[in-house]
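Good morning, colleagues. Please look at the display as I speak.

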Amino acid sequence: MDATTAPHHIPPEMPQYGETYHVFELMQNMLEQLLIHQPKDPIPFMISHLQQDNDNVPKIVILGPPASGKTTIAMWLCKHLSSNLVTVENLIAREFSSLAEVAGKHYQKMKKLSSTQLIKLIQERLKEGDCVRQGWILDGIPETREQALSIQTLGITPRHVIVLSAPDTVLIERNLGKRIDPQTREIYHTTFDWPSESEIQNRLIVPGGISELETARKLLEYHRNIIRILPAYPKILKVINADQPCVDVFYQALTYVQTNHRSNAPFTPRVLLCGPMGSGKSLQAALLAQKYGLVNVPDSIIMKVLSQRLSQQDSIQKGWVLHGFPKDLDQAHMLNSLGFQPNRVFFLNVPFDSVIERLTLRRIDPVTGERYHLMYKPPPTVEIKARLLQNPKDTEEQVKLKMDLFYRNSLELEEFYEHTITLNADQDPYTVFEYIESGIINPLPKKVP
Ligand SMILES: Nc1ncnc2c1ncn2[C@@H]1O[C@H](COP(=O)(O)OP(=O)(O)OP(=O)(O)O)[C@@H](O)[C@H]1O
Ligand SMILES: Nc1nc2c(ncn2[C@@H]2O[C@H](COP(=O)(O)OP(=O)(O)O)[C@@H](O)[C@H]2O)c(=O)[nH]1
């Protein structure tokens with residue numbers, strides 16, 4: 001095949017670079033903003049967008065019925081993420097904003113803002129430096145579907161939307177105990193969240209609008225609107241049960257906002273399956289290769305051949321699954337030095353006894369070459385059973401030797417690879433496969449500090 005007809009050689013570093021620097025997501029976010037804002041001159045717009053570098057700052061919307069804990073959770077998230085809380089109250093209280101001044105007067109009279117006023121205030125606020133640099137958390141905004149769509153049209157797109165949910169009866173009861181610190185605007189509760197300092201206790205005030213009747217009215221309005229708002233956020237929504245302790249709600253919310261959504265960036269899996277012999281690496285590798293067309297790279301291939309195999313077009317375009325190699329830190333370093341970084345590393349955990357059971361009962365029929373397992377796949381006839389042979393490496397003594405070696409090396413391997421996923425491989429192969437599949441398809445979770 002001459003050079004003109006040879007398939008284009010994609011160097012392995014190319015897709016790895018794209019993944020490492022999230023190039024696809026970077027371009028996708030910039031294109032989204034370009035199409036929304038349609039600047040007369042796209043070049044300076046793109047330069048300033050890229051210089052802002054704020055694709056990954058918090059952009060969170062927290063919705064929920066009255067007394068569900070939106071403001072409580074939003075405040076805690078803001079503190080933890082050093083981001084900016086945006087509520088109707090603090091929007092109209094902003095100084096040096098004529099918009100806020102006019103809206104504040106309107107709010108005093110009508111006890112609520114028009115959608116136009118609210119959207120303009122949000123647009124003005126989210127353009128301010130602190131929101132650009134540190135992100136924002138909208139508390140109870142948008143209130144209607146129209147507001148949700150108007151905000152999106154302005155290019156204000158949240159990355160995570162949390163919807164708190166709890167039975168109306170719980171919320172009506174809960175709201176009665178709501179108290180506010182007029183100095184810090186912190187929220188407390190007579191039963192669930194009472195301040196320890198007596199100085200704060202003494203200055204707490206009972207906020208307006210928390211009577212049973214008023215909460216019931218707000219609940220009716222919320223239920224009418226929320227079912228029309230949710231379809232505006234199809235893939236970035238998480239409903240959290242708010243009828244549980246605040247701290248539990250908070251940690252579920254924090255974990256969610258720290259996960260990356262599956263982006264539609266082209267993703268080439270480079271999978272490494274680690275585990276003791278008999279943990280199912282070969283079987284899982286075969287299933288992954290079969291379902292996703294990954295190149296199945298058994299551990300018998302040595303480094304040189306391995307390097308050639310992982311550099312071939314199918315490995316680069318389809319990805320690969322490596323199992324049983326690297327077995328130790330030196331081999332892991334060698335693999336890295338050749339420029340092959342796995343982007344998913346799984347450790348298949350199986351109790352020692354299960355490994356012994358899986359391996360020492362394996363047999364092979366010397367006549368047909370068929371593989372049997374005295375427990376899971378017994379030979380069909382006494383005659384075949386009589387002639388079965390056991391591989392010398394499957395004797396209990398050999399297996400124990402290899403297990404010791406594996407456990408000695410696996411800790412170093414787990415430390416070597418930054419994100420490893422450990423799973424219980426002592427169950428049926430297809431359940432194990434589903435765990436591995438989901439670990440490959442979903443973005444790796446960020447570690448909660
Ligand atoms: N998970 C929870 N369990 C018990 N009490 C809670 C919980 N979350 C919040 N609270 C208490 O319920 C009351 C209402 O909380 P918060 O003001 O945060 O709710 P909200 O959704 O912002 O309400 P609203 O929309 O009416 O402003 C407060 O007294 C708060 O301390
Ligand atoms: N019960 C069970 N047996 C498995 C599983 N995966 C593999 N096995 C069996 O365990 C033995 C070793 O599997 P293999 O994939 O070769 O393990 P490896 O040494 O880690 O590559 C084989 O007899 C498999 O049929 C599993 O998930 N569950």
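The model is predicted, and local features need pLDDT of at least 70, side-chain atom pairs count only at pLDDT 80 or more, while totals for chains, interfaces and linings use all residues. Residues are numbered from 1 along each chain as its sequence is written, chains are lettered from A and ligands numbered from 1 in the order in which they are written, and side-chain values use heavy atoms, with hydrogens and water left out.

Let us begin with ligand 1. It is surrounded by 18 residues, of which Lys70, Thr71, Thr72, Tyr188 and Gln244 are the closest; a residue is counted here if one of its heavy atoms lies within 4 Å. Helix 4, residues 70-81, and strand 6, residues 187-189, each supply at least two residues of this shell. Helices (H or I, at least four residues) and strands (E, at least two) are DSSP runs, numbered from the N terminus. By class, the shell holds 9 nonpolar, 6 polar and 3 charged residues. In that division Ala, Val, Leu, Ile, Met, Phe, Trp, Tyr, Cys and Pro count as nonpolar, Asp, Glu, Lys and Arg as charged, and the others, Gly among them, as polar.

Polar contacts here are pairs of N or O atoms within 3.5 Å. A polar side-chain atom of lysine 70 is 2.5 Å from an oxygen atom of ligand 1, and an N or O atom in the side chain of serine 68 is 3.3 Å from an oxygen atom of the ligand. A polar backbone atom of alanine 242 lies 3.4 Å from a nitrogen atom of ligand 1. The protein covers 91% of the 620 Å² of accessible area that ligand 1 has on its own, by the Shrake-Rupley method with a 1.4 Å probe.

Which residues come nearest to ligand 2? Of the 16 around it, they are Gly278, Lys281, Ser282, Leu283 and Gln427. Helix 14 (281-292), helix 18 (352-360) and helix 21 (429-441) each supply at least two residues of the shell, and helix 14 gives the largest share, 3 residues. The shell comprises 7 nonpolar, 5 polar and 4 charged residues.

For serine 282, a polar side-chain atom lies 2.3 Å from an oxygen atom of ligand 2. Arginine 358 places a polar side-chain atom 3.2 Å from a nitrogen atom of ligand 2. The protein covers 80% of the 570 Å² of accessible area that ligand 2 has on its own.

I turn to helix packing. Helix 2 (residues 23-37) and helix 3 (residues 42-52) pack at about 130 degrees, with axes 10 Å apart; axes are lines fitted to C-alpha atoms over the stretch in contact, and angles run from 0 to 180 degrees between N-to-C directions. That angle makes helix 2 oblique to helix 3, since angles under 35 degrees count as roughly parallel, over 145 as roughly antiparallel, 65 to 115 as roughly perpendicular and the rest as oblique. Helix 10 (residues 168-175) and helix 12 (residues 212-229) have axes that come within 9 Å and cross at roughly 140 degrees; they are therefore oblique to each other.

Finally, the backbone. Most residues other than glycine have a negative phi, and most peptide bonds are trans. The peptide bond from isoleucine 141 to proline 142 is cis, with omega near 5 degrees, and proline 142 sits in the loop between strand 3 (136-139) and helix 9 (145-153). Phenylalanine 325 and proline 326 are also joined by a cis peptide bond, with omega about 0 degrees. Serine 82, in the loop between helix 4 and strand 2 (84-86), has a positive phi near 50 degrees.

Definitions and conventions: Polar contact = N/O pair within 3.5 Å; in protein donor to acceptor, adjacent residues only side chain to side chain.
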